[in-house]
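Biologist: I am new to this one. Could you walk me through how to read its features?

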Amino acid sequence: MQMASSEKGILRIGLAFLCLILVKHVCHGFYLPGTYMHTYSTGEPIYAKVNSLTSIETELPFNYYSLPYCKPVQEIRRSAENLGELLMGDQIDNSPYRFRMNINESIFLCISSSLSEHEVKLLKQRTHDLYQVNMMLDNLPAMRYAKQNGVSIQWTGFPVGFTPLNSNEDYIINHLKFRVLIHEYEGSGVEIIGTGEEGMGVIPEADKKKASGYEIVGFEVIPCSIKHDLEVMSKLNMYDSISSIICPVEIEKFQIIKERERVAFTYEVEFVKSNIRWPSRWDAYLKMEGARVHWFSILNSLMVIVFLAGIVFVIFLRTVRRDLTRYEELDKEAQAQMNEELSGWKLVVGDVFREPDCSKLLCVMVGDGVQITGMAVVTIVFAALGFMSPASRGMLLTGMIMLYLVLGTAAGYAGVRLWKTIRGISEGWKSVAWSVACFFPGIIFIILTFLNFILWGSKSTGAIPISLYFVLLSLWFCISVPLTLFGGFLGTKAEPIQFPVRTNQIPREIPARKYPSWLLILGAGTLPFGTLFIELFFILSSIWLGRFYYVFGFLLIVLLLLVIVCAEVSVVLTYMHLCAEDWRWWWKAFFASGSVALYVFLYSINYLVFDLQSLSGPVSATLYMGYSLIIAIAIMLSTGTIGFLVSFYFVHYLFSSVKID
């Protein structure tokens with residue numbers, strides 16, 4: 001026994017010592033994959049990558065190699081893509097554009113074969129639709145600066161071609177002047193901590209010596225069209241050096257797009273040392289003008305909140321508490337007399353918790369609303385804290401999908417518990433849980449399938465491949481549905497919320513109103529919309545105009561203000577209906593705040609007509625309206641759920657203080 005115990009003691013000491021070594025190693029060498037810079041030595045080859053061709057005119061992405069561009073020496077290889085990238089239509093491939101670190105050079109790439117009628121038609125169409133070539137180096141998108149009305153504007157990517165003023169001919173971009181900003185890193189001194197491709201990281205001590213070299217901190221491009229001397233170019237091989245080229249300004253020297261024309265592609269690269277540090281290299285892309293506008297939006301929302309808070313304060317302190325206090329001070333005889341003279345919300349005490357129409361649908365929508373709200377809040381909080389790096393393309397969308405799947409448990413629990421509270425029994429909970437799991441995802445699936453047929457017909461890379469459809473269906477039915485059913489099971493085990501008053505057998509007649517209640521509900525949606533419409537403009541611009549959106553701090557504040565406004569609006573409207581002796585408050589509380597989705601959808605149409613005037617064709621407009629409809633439905637479920645839950649607890653608190661038999 002002593003031998004065994006001593007052996008166990010030695011084993012424990014050994015394990016403790018091993019853990020100590022591992023902890024020490026981790027403390028001195030903490031980093032996440034891809035989180036610290038890639039340093040390059042002088043002359044080291046770096047290959048640029050190309051993403052899908054995109055346009056703000058059509059919103060239909062296409063494969064880069066669908067046009068007659070030079071192909072890499074080896075086969076075209078697609079980079080590994082996450083779920084978000086695939087859904088956004090990104091298709092990142094390798095390219096023949098080769099750079100050698102800190103070596104300035106002018107390079108010949110290739111000469112295309114004679115352009116066919118189909119290729120000419122395609123090039124002209126892509127040129128007229130303002131398609132951009134999206135190129136990346138060390139995960140940084142190529143940035144182009146242009147002058148417009150005397151103002152310098154930055155764009156990511158460069159055009160396929162252009163049509164000069166007073167000309168009917170189209171010209172192709174076939175020469176690129178790259179300017180690569182590099183920062184020399186010595187690999188000594190203070191440890192570097194910075195936001196990288198996938199988050200934060202620290203360069204370990206052991207890697208510091210290896211990391212010495214140059215880091216890429218900027219990638220700029222100037223596109224040109226040049227009619228090369230094909231006799232001279234045909235004698236060259238890929239990556240042969242050529243003399244430096246000055247971009248021409250005369251139309252006669254541009255490379256025209258026409259049949260049987262052969263196009264020579266060239267490029268030159270200049271490396272420029274910069275003081276920009278690697279953690280700050282995305283700053284140039286993430287600059288968003290209009291900080292004052294964001295603050296104005298927040299100030300505007302705060303004014304709305306203060307106004308509504310004043311109304312709620314008056315309701316609680318001057319009306320509700322006064323009535324309840326006066327009522328509680330009366331003796332039983334006076335209470336009985338007062339019961340006969342009751343008016344307003346106290347008259348509906350026997351009907352206020354009567355089961356609403358379509359109660360199952362209400363439970364389903366509330367369950368989905370809890371799931372969407374939880375997903376939005378967690379995603380925006382993580383993004384505001386800097387966990388969603390812009391270099392990790394598609395990670396925001398991937399994270400949202402994963403969160404939505406995991407939060408199926410909360411959705412099932414909320415929907416089934418509300419069902420059990422309304423009905424008093426848990427019978428039929430499986431049907432409710434299944435409906436929660438399939439209602440919102442089913443709507444998205446139907447809309448996306450319809451839009452996908454349109455994208456397939458256009459041969460766009462934005463179309464979801466069949467294999468990805470099976471992946472999404474697997475995630476839905478293998479993760480989301482079981483988790484939702486599990487949440488529903490937990491909801492059956494939870495105690496239902498007990499109503500403070502009994503419900504009469506015969507429903508009370510509702511007095512006629514001077515104006516329809518739906519008019520009040522529609523009007524209530526304007527207040528939450530006033531909270532978010534300015535931020536909505538920036539979000540729509542980032543989605544449809546290809547701009548970066550990275551002011552998640554502002555978005556988090558706006559989200560919190562929106563939640564408060566939705567809660568206040570719904571409470572005020574519910575109280576108004578109860579005072580009018582209308583006990584059917586359930587759906588009205590939901591749509592009082594949920595009606596903001598209608599204004600969001602109408603604003604999306606307004607944005608399409610007045611701000612997206614370049615968007616052309618019925619296909620692009622259909623895609624825009626389809627995606628806008630999905631966003632509007634998600635907002636309706638989320639805001640409606642917030643308003644309903646707050647109103648439910650308000651009504652419960654209100655009538656729990658009443659002592660009427």
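This is a predicted model: local features need pLDDT of at least 70, side-chain atom pairs count only at pLDDT 80 or more; totals for chains, interfaces and linings use all residues.

Biologist: Does S106 count as buried or exposed?

Modeller: A residue is called buried when its relative accessible area is under 20%. S106 has 9% relative accessibility, so S106 counts as buried. Beyond its neighbours within four places in sequence, S106 is in contact with D240, S241, I242, S243, S244, Y267 and E268.

Biologist: And how do I read a pair of helices, say helix 9 and helix 10?

Modeller: Look at their axes. Those of helix 9 (residues 359-384) and helix 10 (residues 395-406) come within 9 Å and cross at roughly 140°. The two helices are therefore oblique to each other, and their crossing is right-handed.

Biologist: Which residues make the contact?

Modeller: Helix 9 brings D368, Q371, I372, M375, V378 and T379, while helix 10 brings L396, M400, L403 and Y404. By class, this contact has seven nonpolar, two polar and one charged residues.

Biologist: How many salt bridges does the structure hold?

Modeller: There are 12 salt bridges. In one of them, R179 pairs with E220, with the closest N and O atoms 2.9 Å apart. R179 lies in strand 12 (residues 175-185) and E220 in strand 15 (residues 213-224), so the pair ties together parts that are 41 residues apart in sequence.

Biologist: What about D351?

Modeller: D351 forms a salt bridge with R354, the closest N and O atoms being 2.6 Å apart. Both D351 and R354 are buried. Elsewhere, salt bridges with shared partners join D582, R584 and K588 into one network.

Technical notes
Residues are numbered from 1 along each chain as its sequence is written. Side-chain values use heavy atoms; hydrogens and water are left out. Buried means under 20% relative accessible area, exposed over 50%, partly exposed in between (1.4 Å probe, protein chains only). Contact means heavy atoms within 4.5 Å. Axes are lines fitted to C-alpha atoms, for helices over the stretch in contact, and angles run from 0 to 180 degrees between N-to-C directions. Helices (H or I, at least four residues) and strands (E, at least two) are DSSP runs, numbered from the N terminus. Angles under 35 degrees count as roughly parallel, over 145 as roughly antiparallel, 65 to 115 as roughly perpendicular and the rest as oblique. A crossing is left-handed if the near helix is turned anticlockwise from the far one by less than a right angle, and right-handed if clockwise. Ala, Val, Leu, Ile, Met, Phe, Trp, Tyr, Cys and Pro count as nonpolar, Asp, Glu, Lys and Arg as charged, and the others, Gly among them, as polar. A salt bridge is a side-chain nitrogen of Lys or Arg within 4 Å of a carboxyl oxygen of Asp or Glu.
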